[in-house]
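Let's take a walk through this protein, helix by helix. Have the viewer open and follow along.

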Amino acid sequence: MAQRVGRIRTPSQAWRAPLRCEFTSQYRVLNGPLIMNALRDAFPLLTALFAAVCLPIAASSQTIPNGTAIDAEVSRILTRTHANGMAVAVIDHGKVAYVNAYGIRNANRDPLTTDTVMYGASLTKAVFAYTVMQLADQGKLNLDRPLKDDLDKPLPSYGPDNVFPDKYGPYRDLADDPRWEKITPRMCLTHSTGFSNFWFIEPDQKLHIHFEPGTRFSYSGEGMILLQFVIEHGSAAQGLGLDVGDLAKADFNRLGMTRTSLVWTNGSDSNVADGWNDQGQPQPHEKRSKVRVAGSMNTTISDLSKFAAALVSGDGLSPASRAEMTKPSLHIATAGMFPLFQPDLPPNKQRKDLASGLGITVFDGPHGHGFFKGGHDGQTANTLICIEANQRCVLILSNDVRSEAGFVELVRFILGDIGEPYDWEYGDHAGKS
């Protein structure tokens, strides 16, 4: 059964920012006539200034629709896109305000519910970045210190994992490329290591650095995996050698995310979502057996909404780390996220506000600064998008990739026109496997 959490604020309940316009004391010495004359002459200017400067910050933010309206809009989008399932959460003022699930979770037409386990896909990267920032708060990682300084021996000398030989990249392939020594945690989190998305999609299935690390953006799960490797195999003297799955699980437990894990742990649990590709063909839920921070998370809409609330409100991070995570760390100058290694657009065609944060992408729109992260595979379509003002987010998990074609409509319906860079993320590929 679908679940509704909290309540959506009505216009009369909407947050009101305090006015911050004050007259300085020099104007208080004027006598009555002078005051009236001054106000009469200055009234047009004062009116304009008041409208531009003195209105509450939230005035440009629309009131979030109520649950009934959101349900109707989701139903319309599912019908239009022919998608079978979707789960939606709304965060307002850093709190979970609404959670619901719609449609079915498998070919047997079992209902998709708010506690159905769904594939998190690349939203895993945002969870990992949050974990990394906690390690930075603890002094165990420095975002701008080369990773080589966190290892006890050179990266190319490490062999494959004993249990899962394909868990990490083949770092021996970097033996003749000293540029690996320049890679930092920030470069891993901003997709600027120079790696392809994954080593195994390279024509020769070897790990390569394609450009000077730190100089430009090219989406790379492989960079995230490298940082995972360093955390798990780094110097014990620096407090590393930590299991990333355990670190994430500690946060999941703290936040009450009881059905979320970076590795498959659900055993015979029957409430799991299968998926559908863009041809409407059912696909089984892939049960990943190893932690890979680029995309191994399983979660529920109820659980992940709690993480989204923590992330947008800064819960679990120092103010400095929270600000670091969502600030522009690397300008993005490409026309889209894919294909990889695109040339930069001419300066006059670049979106000036688009940048990589740490594990997320950041932008500025009509409602101010925001950030987002997506997740996608042949049958999965996920998005988390947040606006810093009023700490508002929309989280969507879908087990039918076709629903992705309606994400822009749904986000705008709930948050208004926030300037979301979905054209950069999806191009004309939204809803396609």
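This is a predicted model: local features need pLDDT of at least 70, side-chain atom pairs count only at pLDDT 80 or more; totals for chains, interfaces and linings use all residues.

On the α3 side, Val127, Phe128, Tyr130, Thr131, Gln134 and Leu135 do the touching, and they meet Val244, Leu247, Ala248, Asp251, Phe252 and Arg254 of α6. Sort those contact residues by class and you get eight nonpolar, two polar and two charged. How do the two helices lie relative to each other? Their axes come within 10 Å and cross at roughly 95 degrees. Angles of 65 to 115 degrees count as roughly perpendicular, so α3 is roughly perpendicular to α6.

Stay on α3 for a moment, as there is another partner to see. Helix α3 covers residues 123-137, and helix α8 covers residues 319-326; the two axes come within 10 Å and cross at roughly 140 degrees. The crossing is a right-handed one. Which residues make this contact? From α3 come Ala126, Ala129, Tyr130, Met133 and Asp137, and from α8 come Ser321, Glu324 and Met325. By class, that contact divides into five nonpolar, one polar and two charged residues. Notice that Tyr130 is on the α8 list and also on the α6 list.

What about α3 itself? Its 15 residues should span 21 Å at 1.5 Å a residue, and the end C-alpha atoms are 22 Å apart, so the two values agree. The helix is mostly covered, with 13 of its 15 residues buried. Just after α3 ends, have a look at Gly139, which takes a positive phi of about 80 degrees.

Now move to α5, residues 221-233. This helix has 13 residues and reaches 18 Å from first C-alpha to last, close to the 18 Å expected. Is α5 mostly covered or mostly open? Mostly covered: twelve of its 13 residues are buried. Among them are Gly221, Met224, Leu227, Phe229 and Ile231, along with the charged residues Glu222 and Glu232.

One more helix pair deserves a stop. Helix α2 (residues 67-81) and helix α9 (residues 407-415) have axes that come within 10 Å and cross at roughly 170 degrees. Angles over 145 degrees count as roughly antiparallel, which is why α2 is roughly antiparallel to α9. This crossing is right-handed. The contact is made by Ala69, Ile70, Glu73, Val74, Arg76, Ile77 and Arg80 of α2 and by Glu409, Leu410, Phe413 and Ile414 of α9. By class, that is seven nonpolar, no polar and four charged residues.

Finally, zoom out. The protein's secondary structure comes to ten helices and twelve strands. Of its 433 residues, 53% are buried. And if you take contacts between residues at least 6 apart in sequence, 72% of them join residues at least 24 apart.

Terms used. Residues are numbered from 1 along each chain as its sequence is written. Side-chain values use heavy atoms; hydrogens and water are left out. Axes are lines fitted to C-alpha atoms, for helices over the stretch in contact, and angles run from 0 to 180 degrees between N-to-C directions. Helices (H or I, at least four residues) and strands (E, at least two) are DSSP runs, numbered from the N terminus. A crossing is left-handed if the near helix is turned anticlockwise from the far one by less than a right angle, and right-handed if clockwise. Contact means heavy atoms within 4.5 Å. The expected span of a helix is 1.5 Å times one less than its number of residues. Buried means under 20% relative accessible area, exposed over 50%, partly exposed in between (1.4 Å probe, protein chains only). Angles under 35 degrees count as roughly parallel, over 145 as roughly antiparallel, 65 to 115 as roughly perpendicular and the rest as oblique.
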